[in-house]
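Here is a friendly briefing to read alongside the model. Have the viewer open and follow the topics in turn.

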Amino acid sequence: MPRKDAITLLLIIAAGIITRMFAIWIDRPEFVGWFNHTYYYYVEVRGLLQTGSLPYNDMPLLFYIYALVVTVFQWFGMAENAAIVNATRLVMSIVPALLPVAIYGIVKQLNDGAAIRGPQWLLIFAGGFLPLSIGHMPELLQKNALGMLLFAFFLLATFRLLKDRSTRSAIPATLLAIAIVLTHFGTFGVLGLYIISLLMAYLFHNHNLRNLSSGALVLVIFGAVSLLLIYSFDVQRFERVFIFLAESLSRSFLADLFSASSAISERLMAAGFILLPLALFLFLYRLYSRQQARLPESEQIFWLSLLIFAYLLILPVWDQEHHLMGRLALFLPLPFLIIFLFLEKYTFRKVWLKRAVPALIVVGVLMMTFGEIMSSKFHNRNGAEIFADIQALGKQQNFQDNDLIITLNGAEHISNWFLNVKAGVIPSLTLVDFQRYENIYVLNPIQGSLNFNDIQGKEIQRASDKYIFMLRNIPRPANIEPLYQSEHIEFFRLPAPPKEWLFDNAGRWIGYGQALP
């Protein structure tokens with residue numbers, strides 16, 4: 001790497017790190033909201049350090065990275081909890097800021113080693129500030145953040161492999177794919193979509209299934225081994241994802257468009273979400289097809305694979321009620337940014353257009369960066385009051401090791417972290433728990449008012465129904481008084497299973513019956 005490139009790249013990385021430090025670390029309180037999943041990562045790391053295993057089954061790579069950094073901090077005398085908080089925030093300030101390194105590598109491949117031009121540097125800079133990579137992913141979706149970085153380098157490795165077709169180039173791609181599997185199931189799914197896109201692009205270019213047979217067999221074997229590895233680490237999440245995928249179509253924009261129960265406004269919105277991405281894909285494909293004949297084979301396949309991949313991420317068959325489409329769309333800026341690199345090199349003929357489009361992209365990502373930072377600073381502005389309530393509750397109750405707290409999704413990790421109590425969500429409750437634990441408590445976070453929407457008279461009939469109950473408050477039985485009540489928390493004890501609540505033959509909780517107020 002030329003010295004000038006190295007300095008420029010380091011400055012871009014430094015700008016990304018400092019920006020994220022300001023968003024998620026500097027002057028950031030320890031309590032940042034009821035439903036901020038950063039506490040899940042704290043609990044997992046603490047459990048790994050104290051017991052040698054993760055309290056919740058999950059893919060382990062990120063947590064081992066955190067544990068290593070925590071150990072270093074503790075060598076310098078930092079307390080365990082403080083070391084965990086600072087380690088996670090430090091790592092998440094650095095990881096997304098390294099995305100420009102992968103983008104730089106792709107540009108060098110695209111230029112065949114030639115010097116990088118000004119507009120390309122602008123797009124490399126934009127890679128360090130992709131939407132939702134400043135505060136959203138580094139706090140709520142930390143495995144996604146690491147997964148996206150690994151996936152960006154996988155794209156780079158794939159581009160190199162397409163260029164030289166050597167075994168040596170296949171090794172980095174393989175190692176990165178394994179690292180993705182060990183990091184995040186969702187990113188592994190994204191990797192699978194890209195591999196499908198790559199195979200489609202290769203087949204479109206070569207029109208020969210025989211050329212694909214050996215590579216496809218290797219990919220099938222790799223996919224099977226990866227799924228077995230994921231299953232061994234996290235059985236429940238593995239099964240849950242496939243259940244959601246099986247039900248995805250019924251909750252998709254495609255279903256909204258053709259459902260007789262959909263209102264006109266819902267059908268119009270669904271039609272917009274179906275037609276606009278399709279129109280954009282066709283437009284970008286038209287731009288690609290005009291340049292296809294003058295492209296090297298490797299660039300034809302790589303560019304087309306990115307177009308197909310971008311469309312697959314927002315395919316209208318994905319579940320949009322339970323955020324499957326939203327999770328996939330998190331990766332959308334990455335292929336679009338690389339597509340713009342191709343457009344800048346081959347499609348934009350006028351100098352002003354080559355400069356204007358990358359400049360507008362930089363302005364856009366910087367505006368979204370500012371929005372993310374402001375959102376992180378002003379969201380949950382009553383956090384200090386809630387944190388004081390949590391601390392007061394901990395002092396009042398003097399929780400024991402054999403106590404259990406049932407609460408909302410996300411808030412169970414806050415209970416784990418701040419109250420040091422085992423906690424779970426309502427669908428995990430069983431009749432056996434009332435014999436296993438000395439005390440079973442309910443902690444209801446209150447945001448304006450208690451939320452019992454959409455659960456009146458409902459029971460859990462399929463796995464996806466659990467998600468609705470996990471996001472709703474738990475009704476307090478009529479004969480039970482709160483042990484702690486404030487503007488932000490309702491807390492009470494369940495001495496026995498409430499008679500109105502419903503349990504199945506196996507003793508698993510399935511509904512509230514007529515217990516709702």
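This is a predicted model: local features need pLDDT of at least 70, side-chain atom pairs count only at pLDDT 80 or more; totals for chains, interfaces and linings use all residues.

Residues are numbered from 1 along each chain as its sequence is written, and side-chain values use heavy atoms, with hydrogens and water left out. Helices (H or I, at least four residues) and strands (E, at least two) are DSSP runs, numbered from the N terminus.

**Helix 3 itself**

- Helix 3 has 15 residues and reaches 22 Å from its first C-alpha to its last, close to the expected 21 Å (1.5 Å times one less than the number of residues).
- L62, F63, Y66, A67, V69, V70 and F73 are the buried residues in helix 3, where buried means under 20% relative accessible area, exposed over 50% and partly exposed in between (1.4 Å probe, protein chains only).
- An α-helix has 3.6 residues a turn, so residues three or four places apart point the same way.
- After helix 3 comes G77, with a positive phi near 90 degrees.

**Helix 3 against helix 4**

- The axes of helix 3 (residues 61-75) and helix 4 (residues 80-94) come within 8 Å and cross at roughly 125 degrees; axes are lines fitted to C-alpha atoms, for helices over the stretch in contact, and angles run from 0 to 180 degrees between N-to-C directions.
- That angle makes helix 3 oblique to helix 4 (under 35 degrees counts as roughly parallel, over 145 as roughly antiparallel, 65 to 115 as roughly perpendicular and the rest as oblique).
- On the helix 3 side, L62, I65, Y66, V69, V70, F73 and Q74 meet E80, A83, I84, N86, A87, T88, L90, V91 and M92 of helix 4, contact being heavy atoms within 4.5 Å.
- By class, this contact of helix 3 with helix 4 has twelve nonpolar, three polar and one charged residues (Ala, Val, Leu, Ile, Met, Phe, Trp, Tyr, Cys and Pro count as nonpolar, Asp, Glu, Lys and Arg as charged, and the others, Gly among them, as polar).

**Helix 9 against helix 10**

- Helix 9 (residues 167-181) and helix 10 (residues 185-206) have axes that come within 7 Å and cross at roughly 140 degrees.
- Helix 9 is therefore oblique to helix 10.
- A177, I180 and V181 in helix 9 meet T187, F188 and L191 in helix 10, and the residues of this contact divide into five nonpolar, one polar and no charged.

- Most residues other than glycine have a negative phi.
- L132 has a positive phi of about 70 degrees although it is not a glycine; L132 is found in the loop between helix 6 (118-127) and helix 7 (136-140) and counts as partly exposed at 36% relative accessibility.
- N398 also has a positive phi, near 50 degrees; N398 sits in the loop between helix 19 (383-397) and strand 1 (403-407) and counts as exposed at 54% relative accessibility.

**Two buried residues**

- A152 lies in helix 8 and is buried, with a relative accessible area of 2%.
- Leaving aside neighbours within four places in sequence, A152 is in contact with L99, A102, I106 and L334.
- D433 is found in helix 21 (residues 433-436) and counts as buried at 5% relative accessibility.
- Beyond neighbours within four places in sequence, D433 is in contact with L404, S428 and I440.
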